Amino acid sequence: MGLPTAGKTTLARLLAPRLNAVHFNADEVRNNINRELGFSEADRIEHARRMGWLCDQVVKAGCFAIADFICPTPAARAAFAAGAAPFVIWVDRIKSGPYDDTNRMFVPPEHVDLRVTAEGSPEFWAEEVVRRLRPIFDPRKPTALFLGRYQPFHDGHKALIAAGIERVGQACIAVRDTKGIDDKNPFDFEYVRARIEHGLKEFQGRFVVVSVPNITNIFYGRDVGYAVERIDLDAATEKVSATEARQKLSQIR
C-alpha cells in the first residue's frame with residue numbers, strides 16, 4: 001500500500017515470482033472486475049473489500065497473494081483485512097503523489113509489518129520481504145525434534161508439530177523408514193515427505209523433513225542438554241486416527 005507512484009507495483013512485480021504469488025494490481029482489477037467503481041471514499045472501501053476477497057481465495061488454495069493498491073484510509077484497510085489479517089507493506093518513498101484528492105484522503109497507517117523507505121533499491125526491499133515471509137531453516141538455531149512414521153501425515157500430526165514450532169521456533173521432522181513392514185505402513189518416505197510439506201506449507205522455512213532408520217527405542221543419559229516433553233492437544237485433535245486416514249487414502253487410490 002502507499003501513494004500513487006511510490007513504487008508499489010515495482011515491488012510487487014519483484015515479489016510475485018520470488019513468492020510464487022498471485023499479484024492483484026488495483027488498476028488491472030478496476031479495468032477487468034471493478035469497472036463500475038469510482039474513486040469516492042465509499043467506492044474505495046468497496047474496492048478494498050473485493051481486493052481482500054480475491055486474495056483470501058488464493059490464500060485458501062495455499063498460495064501467496066499480493067494486493068498492490070493505495071488503500072488510503074483506515075476504513076479501506078479494515079475492509080481489505082476483513083477475511084484474514086494481512087502482512088502489510090507500506091511503500092513510503094514519496095511525500096505526495098500526482099493526485100491531490102488522493103493526497104488529501106490518504107491517512108498514514110499506524111501499524112504495518114514493514115515500512116519501505118526511500119533508502120534502498122526495490123531489490124533490497126524485495127529481499128527483506130522474502131526474508132520475513134519465507135525464513136530459511138537454520139540448523140544452528142534451537143529446534144524441536146519430532147519422530148514418527150506419519151502413515152499418513154494427518155491433521156493431528158500437523159497440530160502437534162505446529163505447537164512445537166510455535167514453542168521453539170523451528171522443527172526437524174524425522175520420518176522412520178517403515179514402508180512395507182506391515183499393512184499399517186504402506187507409504188514410502190517421498191510420499192510422506194510430500195504430504196508433510198504440503199500440510200505445513202504455512203510454516204515453510206521453519207521445518208525440515210529427514211529420513212531415519214526404523215527407530216524403535218530412544219535412550220538418554222544424564223545432562224543430555226535437551227528437554228523431553230509431551231504436548232497435549234485438544235480432545236478432538238487427539239482422536240484423529242492414522243488408520244482412518246489410511247482407509248480414506250486407500251479408497252482414493
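The structure is a predicted model, in which local features need pLDDT of at least 70 and side-chain atom pairs count only at pLDDT 80 or more, whereas totals for chains, interfaces and linings use all residues. Residues are numbered from 1 along each chain as its sequence is written, and side-chain values use heavy atoms, with hydrogens and water left out. The predictor's confidence in each residue, pLDDT, runs from 0 to 100; its mean for the protein chain is 93, and 99% of the residues reach 70 or more. Confidence is highest in strand S6 (residues 171–176), at a mean of 98, and lowest in helix H10 (residues 242–252), at 77.

The protein chain has 10 helices and 7 strands, where helices (H or I, at least four residues) and strands (E, at least two) are DSSP runs numbered from the N terminus. With a radius of gyration of 23 Å, well over the 18 Å that the globule rule gives for 253 residues, the protein chain is more spread out than a compact globule; the radius is taken over C-alpha atoms, and the rule is 2.2 Å times the number of residues to the power 0.38. The C-alpha trace spans about 70 × 45 × 30 Å along its principal axes. Of the contacts with a separation of 6 or more, 75% come from residues 24 or more positions apart, a contact meaning heavy atoms within 4.5 Å. The protein chain exposes about 15500 Å², of which carbon and sulfur atoms supply 52%, as given by the Shrake-Rupley method with a 1.4 Å probe, and for residues only the protein chains shown count as cover. Buried residues make up 37% of the 253 residues; buried means under 20% relative accessible area, exposed over 50%, and partly exposed in between (1.4 Å probe, protein chains only).

A pair of aromatic rings is described by the distance of the centres and the angle of the planes. Rings of Phe, Tyr and Trp (its six-membered ring) pair if their centres lie within 6.5 Å, and planes under 30 degrees apart count as stacked, over 60 as edge-to-face and the rest as tilted. By this rule there are 4 aromatic pairs. One of them joins Phe69 and Phe80, a tilted pair at 5.5 Å centre to centre with 50° between the planes. This pair links distant parts of the chain, 11 residues apart, with Phe69 in the loop between strand S2 (65–68) and helix H4 (74–80) and Phe80 in helix H4. Both Phe69 and Phe80 are buried. The pair of Phe187 and Tyr191 is stacked, because the ring centres are 4.6 Å apart and the planes lie at 20°. Phe187 is buried at a relative accessible area of 4%, whereas Tyr191, at 29%, is partly exposed.

Charged groups also meet rings. A charge sits over a ring if NZ of Lys or CZ of Arg is within 6 Å of the ring centre and within 35 degrees of the ring normal. The charged end of Arg30 sits over the ring of Phe39, 4.0 Å from its centre, and Arg77 lies over the face of Phe106, at 5.6 Å from the ring centre.

Most residues other than glycine have a negative phi, and most peptide bonds are trans. A cis peptide bond, with omega about 5°, joins Gln151 and Pro152, and Pro152 is placed in the loop between strand S5 (144–148) and helix H7 (155–168). Tyr150, found in the loop between S5 and H7, has a positive phi near 55° and is buried at 7% relative accessibility. Thr5, in the segment before helix H1 (8–19), has a positive phi near 70° and is exposed, with a relative accessible area of 62%.
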